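Please look over the structure below before reading on. The report covers its pocket, its cores, its sheets and its backbone geometry.

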Amino acid sequence: MIYRKLYPLIGIGLAALMISCSSNRFTTSSGLDRRDFRQKVEGKKTNLYKIANKNGMEACITNYGARIVSLMVPDKNGRLQDVVCGFPTIGEYTSQSQNYGAIVGRYIGRILGARYTLDGTEYQLQANHSLGHTAHGGNPNFGARMWKVKHTTPSSITLNYVSPDGENGFPGNLDITLTYTITDDNALDLQFEAVTDKPTVLNLCNHSFFNISGNLNKSVEDQIMWVDGDYFTPYDKNKCVTGEMWPVESTPLNFKTPHSIGEHINDNYGQLKVTNGYDHAWVLNHPGDDSKPAMWVYDKESGRKMEVYTTEPGIHIYTGNGLKGKVKGKDGIYYPFRAAVCFETCHFQDSPNNPQFPSTALRPGETFKSHTMFKFIIEKTI
């Protein structure tokens, strides 16, 4: 009788061991190792998750900051290469302040003076910028928070974060759900939903650093870009938005006709002097319409073209002007100057203090929804 009681327990133990071993059989095209992404942050376990499609396109996501760690995309010869910057271990993400691949919020960009008024109430936010502004939602932002994995499939992952009332000064318990999907037509699809129990403001964005050439040692300046935007939001000398919208016509920010990123990036133009390159928000011509590309970028050597679709009214394009070859990333690469470009689909900086901009207000009973898709295709020539 004793042995009969023990055999089922031994069987259960062996089954558990087999499941545990199976969970460690985790291979990635990028060479990332799940064991390097296991740590505790805020008392919760970090991990690495893989999603892929039938074509072999693959993304690795960590629940720390809901970050895209790698994105393997085929080139014109079918060769898979990583097209985003990042780090090979979780410790490198948690030990330094950066936004590689992160979901930034509650408000990406700056809120000037670290305050805003909504429905007659003024809210004082955490001032984490040297000039007294709130930058990227305060410190830490959502990119340094632990997200809960709600659901996974071979091609998708759904994560959730509940930002508590008063976090970095923002009102309302904010419940956010994000789903990443690798589609069969080689797109990385991002779907956001959020609800709140108090009136608040919200401006979420993924902050991946892309180099679609697959060579993260190489500048993006030779890549060709097109942007469906007739206006942009200018800065003052302190890189604070003025609340205006200037036409791109006759400026280096005119990408209505495709040309290389580097063609005018060093022009003697005041806005470029403020930011040492492109670091501006384009006002999209078809806000809310994700049925047509908002912009695209093309790399001739690899044949990769990445189209960006979004429901957001703007796209903030940052050409890695702050990269200085001092940050060591995946494959031991020290990311050089302008080795990547960010395509941040979002609302505009300081919108809560600029009623002429599209509203970022979210109130109880409403559901925030946002969709962005990075779609990869192969073009022999442009």
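The sections below take these topics in turn.

## Basis

The model is predicted. Local features are described where pLDDT is at least 70.

## Largest pocket

The largest pocket holds about 930 Å³ of space. Its lining has 38 residues. Nearest the centre lie S97, Q98, N99, H136 and H207.

## Nonpolar cores

In soluble globular proteins, nonpolar side chains tend to be buried together. Here the largest nonpolar core has 56 residues. L71, Y180, F343 and F376 touch the most other members. Strand 14 (residues 174-182) gives this core its largest share, 5 residues.

There is also a second, separate core. It counts 23 residues, including C85, M146, L216 and L323.

Strands of a sheet pair through backbone hydrogen bonds, either parallel or antiparallel.

Strand 12 runs antiparallel to strand 13 (residues 156-163), and 5 bridges join them. At one position T153 stands opposite S156 in strand 13.

Strand 5 (residues 67-74) and strand 6 run antiparallel, joined by 3 bridges. P74 has L80 in strand 6 as its bridge partner.

## Strand 20 and its partners

Which strands pair with strand 20 (residues 229-233)? One is strand 23, which runs antiparallel to strand 20 and is joined to it by 4 bridges. T233 has A281 in strand 23 as its bridge partner.

Another is strand 21 (residues 246-247), which pairs with strand 20 in the antiparallel sense over 2 bridges. F232 stands opposite W246 in strand 21.

## A hairpin with two faces

Strand 9 and strand 10 form a hairpin with 2 residues between them. The two strands, residues 115-118 and residues 121-124, run antiparallel and are joined by 4 bridges. Y116 has Y123 in strand 10 as its bridge partner. In the turn, D119 has a positive phi of about 55°.

Which residues of strand 9 form its covered face, and which its uncovered face? Y116 and L118 form the covered face. R115 and T117 form the uncovered one.

## Backbone geometry

Most residues other than glycine have a negative phi, and most peptide bonds are trans. Two cis peptide bonds deserve a check. One joins G105 and R106, with omega about 10°. R106 lies in the loop between strand 7 (102-104) and strand 8 (110-111). Another joins N139 and P140, with omega about 0°. N186 is not a glycine, and its phi is near 65°. This residue lies in the loop between strand 14 and strand 15 (187-196). Is N186 buried or exposed? With a relative accessible area of 12%, N186 falls under the 20% cut-off, so N186 is buried.

K239 is not a glycine either, and has a positive phi of about 60°. K239 lies in the loop between strand 20 and strand 21. Its relative accessible area is 24%, so K239 is partly exposed.

Methods:
Residues numbered from 1 in each chain as written. Predicted model: local features only at pLDDT ≥ 70, side-chain atom pairs only at ≥ 80, totals over all residues. Heavy atoms only, no water. 1 Å grid on protein atoms, 1.4 Å probe; cavity = no way out; pocket = protein on both sides within 12 Å on 5 of 7 lines; lining within 4 Å. Points joined across faces, edges and corners; volume = space filled by probe spheres on them. Core = buried A, V, L, I, M, F, W, Y, C linked by side-chain atoms within 4.5 Å. Buried < 20%, exposed > 50% of the residue type's maximum accessible area, 1.4 Å probe, protein only. Pairing = 2+ DSSP bridges.
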